[in-house]
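Reader: I'm new to protein structures. Could you walk me through this one, feature by feature?

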Amino acid sequence: MMRTDGNLLDHRQTEATERLDAFAALFDPTTFRHLEAVGVGPGWRCWEMGAGSPSVVSWLAKKVGPTGRVLVTATDTARLARTARPPVEVLDHDITAGSPPAEGFDLVHARLPLTGAADRERAVRTMAKALRPGGHLLVEDTDPELQPLLCPDEYGPEQRLANRLRHGVRTLLIDLGEDLAQGRTLPRLLRQAGLSGVRADAYFPLAAPACAALESATVRLVRDRLVTAGLATGQEIDEHLGNIASGRLDLSTAPLISAWGRKR
């Protein structure tokens, strides 16, 4: 559903790692399709910003080869630093600091980079500034507001329970000040950053095994908060987790919106 940064979806927990793996399974093919279209190849200088999973980093490293460079930055780089090998470099960097770690990149890519950022426009400008003339920026983020239902085909009590718990998780996120409509703003933010040829599309997964893995990990991660807030009972959560494990639910998740453009 959402990113793992912040207090609600704590990235240090086991369930959050499961969420990152499920998210990669769901959306890596979309990301790779866009990166292929951009034309990433040998010798490219790439900045992968805010990487939570090594899958995209590994893909880029193979594409740029030994003559290229893949700079990976995040505020928590421990998981990535353990396995990084040339041409991959790992650097602690906070996009909200307002300055890129370097400039002259052929590609800057960021997936789920802006949730919780105090100034999203500034963050996109920072990424655009790091590009060389003619360089490409690809930014991807979810938009939970576009898909509020876990089970779009709400035909029975199991599906209604699933959708009610999804609403509970959304309520927790809203109470923490999360913007659930962030994905749709990306084309505008890229244009405001001065990029040309801006386009975007969205991928909306439904009834994929990774949707079930993502939902199970998310609910287990926020279980105590749902109960404490009176949004669900422990019995309801156990029932929902059992329904997920049964494979009878056709689950969805928030669409991933991908927006891209070039620096003039």
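Reader: Let me start with helix α1: which strands does helix α1 lie across?

Author: Keep in mind that this is a predicted model. Helix α1, residues 14-38, lies across β4, β5, β6 and β7. Its direction is about 155 degrees from that of β4.

Reader: And which strands does helix α4 lie across?

Author: Helix α4 (residues 120-129) lies across β1, β4, β5, β6 and β7. Against β5, helix α4 runs at about 145 degrees.

Reader: Now the sheet itself. In what order do the strands come?

Author: Read across the open sheet and you get 7 strands: β3-β2-β1-β4-β5-β7-β6, with mixed pairing. The edge strands are β3 (88-92) and β6, since each pairs on one side only. From one strand to the next, the twist averages 15 degrees.

Reader: What does "mixed" look like when I go strand by strand?

Author: Here's a general idea to carry with you: in a regular strand, side chains alternate between the two faces of the sheet. Now the pairs. β1 (residues 45-49) and β4 (residues 105-111) are parallel, with 4 bridges. One place to look is Cys-46, whose bridge partner in β4 is Leu-107. β5 (residues 131-142) and β7, on the other hand, run antiparallel and are joined by 7 bridges. There, Thr-142 has Leu-256 of β7 as its bridge partner. β6 (residues 195-203) is also antiparallel to β7, over 7 bridges. In that pair, look for Ala-202 and its bridge partner Ile-257.

Reader: Is strand β7 mostly covered or mostly open?

Author: Mostly covered: of the 8 residues in β7 (256-263), 6 are buried.

Reader: Let's do a helix. How should I read its pattern of buried residues?

Author: The general idea first: an α-helix has 3.6 residues a turn, so residues three or four places apart point the same way. Now try helix α8, residues 234-246. This helix has 13 residues and reaches 18 Å from its first C-alpha to its last, close to the 18 Å expected. Its buried residues are Ile-237, His-240, Leu-241, Asn-243 and Ile-244. Looking down the axis of α8, you find these buried residues within an arc of 155 degrees, so they line one face of the helix.

Reader: Which exposed residues does the face of α8 turned away from its buried side carry?

Author: That face has the exposed residues Gln-235 and Ala-245. The buried residues of α8, meanwhile, pack against α5 (157-175) and α7 (209-228). Following α8 comes Gly-247, with a positive phi near 80 degrees.

Reader: You mentioned α5. How many residues does α5 have?

Author: α5 has 19 residues. End to end, first C-alpha to last, α5 reaches 27 Å, close to the 27 Å expected. Its buried residues include Gln-159, Leu-161, Leu-165, Val-169 and Leu-172. Among the things covering the buried residues of α5 are α7 and α8. Just after α5, Gly-177 has a positive phi of about 90 degrees.

Reader: How do I describe two helices packed together?

Author: Two packed helices are described by the angle between their axes and the distance between the axes. For α5 and α7, the angle is about 65 degrees and the axes are 11 Å apart. The crossing of α5 past α7 is left-handed. To find the contact, look at Arg-166, Gly-168, Val-169 and Leu-172 in α5, which meet Glu-215, Thr-218, Val-222, Arg-225 and Leu-226 in α7.

Reader: What about the loops?

Author: In the loop between α3 (78-81) and β3 sits Pro-87. The peptide bond joining Pro-86 and Pro-87 is cis, with omega about 10 degrees. Next, Ala-207 is in the loop between β6 and α7. Its phi is positive, about 60 degrees, although Ala-207 is not a glycine.

Reader: Why does Ala-207 count as partly exposed?

Author: Because its relative accessibility is 46%, and partly exposed covers the range between under 20% for buried and over 50% for exposed.

Reader: And where is Thr-253 found?

Author: Thr-253 is in the loop between α8 and β7. With 3% relative accessibility, Thr-253 counts as buried. Thr-253 is 230 residues from Phe-23 in sequence, yet their C-alpha atoms are 9.8 Å apart in space.

Technical notes:
Residues numbered from 1 in each chain as written. Predicted model: local features only at pLDDT ≥ 70, side-chain atom pairs only at ≥ 80, totals over all residues. Heavy atoms only, no water. Buried < 20%, exposed > 50% of the residue type's maximum accessible area, 1.4 Å probe, protein only. Helix = DSSP H or I, 4+ residues; strand = E, 2+ residues; numbered from the N terminus. Pairing = 2+ DSSP bridges. Expected span 1.5 Å × (residues − 1). Arc of directions from axis to C-beta. Contact = heavy atoms within 4.5 Å. Axes fitted to C-alpha atoms, helices over the stretch in contact; angles between N-to-C directions. Left-handed = near helix turned anticlockwise from the far one by under 90°.
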